[in-house]
Amino acid sequence: MTFLLTCKEFLQELADYLDSTVDAELRRKLEAHISECPNCFVILDTTQKTIKVYKGMQPQPIPEEVHIRLMRAVERKIAANRTVAGKPGL
Ligand SMILES: [Zn+2]
């Protein structure tokens, strides 16, 4: 059987392919498709690169000053909500 997937089918299976959850036969069909279809190859290539960049990102530590200001802002927000909730009709 040598039928090729359509681009639509390829894109439907792309996420599973990237997660390596596709079975061997479907994987072969997907790989056959990208060898024939430059458009889908580019989509796969770009998506894989994007995932690599995303996974390679380290969470940046928040500077102490920013953290303190953020916490104060959150506290003010909570306090403001409490005030409003405590005074209905305000
Ligand atoms: Zn295609």
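Select helix 2 (residues 24–36) and helix 3 (residues 38–56). Helix 2 passes helix 3 in a left-handed crossing. A crossing is left-handed if the near helix is turned anticlockwise from the far one by less than a right angle, and right-handed if clockwise. Helices here are DSSP runs of H or I, at least four residues, numbered from the N terminus.

This is a predicted model: local features need pLDDT of at least 70, side-chain atom pairs count only at pLDDT 80 or more, and totals for chains, interfaces and linings use all residues. Residues are numbered from 1 along each chain as its sequence is written, and side-chain values use heavy atoms, with hydrogens and water left out.

Stay on this pair. Helix 2 and helix 3 pack at an angle of about 115 degrees, and their axes are 5 Å apart. Axes are lines fitted to C-alpha atoms, for helices over the stretch in contact, and angles run from 0 to 180 degrees between N-to-C directions. Helix 2 and helix 3 are therefore roughly perpendicular to each other (65 to 115 degrees). Now show side chains. Helix 2 contributes H33, I34 and E36 to the contact, and helix 3 contributes P38, C40, F41 and L44. Contact means heavy atoms within 4.5 Å.

Next, select H33, in helix 2. Is H33 buried or exposed? H33 counts as buried because its relative accessibility is 5%; the cut-off for buried is under 20% relative accessible area, with a 1.4 Å probe and protein chains only. Turn to the H33 side chain: one of its polar atoms lies 2.7 Å from the backbone oxygen of L5.

Move on to helix 1 (residues 7–18), and keep helix 3 on screen. Helix 1 and helix 3 pack at about 25 degrees, with axes 11 Å apart. Helix 1 and helix 3 are therefore roughly parallel (under 35 degrees). Their crossing is right-handed. From helix 1, the contact uses C7, F10, L11, L14, Y17 and L18; from helix 3, C40, I43, L44, T47, Q48 and I51.

Finally, zoom out to the whole protein chain. Buried residues make up 13% of the 90 residues. Among contacts between residues at least 6 apart in sequence, 59% join residues at least 24 apart.

Key: Buried means under 20% relative accessible area, exposed over 50%, partly exposed in between (1.4 Å probe, protein chains only). Helices (H or I, at least four residues) and strands (E, at least two) are DSSP runs, numbered from the N terminus. A polar contact is a pair of N or O atoms within 3.5 Å; within protein, one must be able to donate a hydrogen and the other to accept it, and residues adjacent in sequence count only if both atoms are side-chain atoms. Angles under 35 degrees count as roughly parallel, over 145 as roughly antiparallel, 65 to 115 as roughly perpendicular and the rest as oblique.
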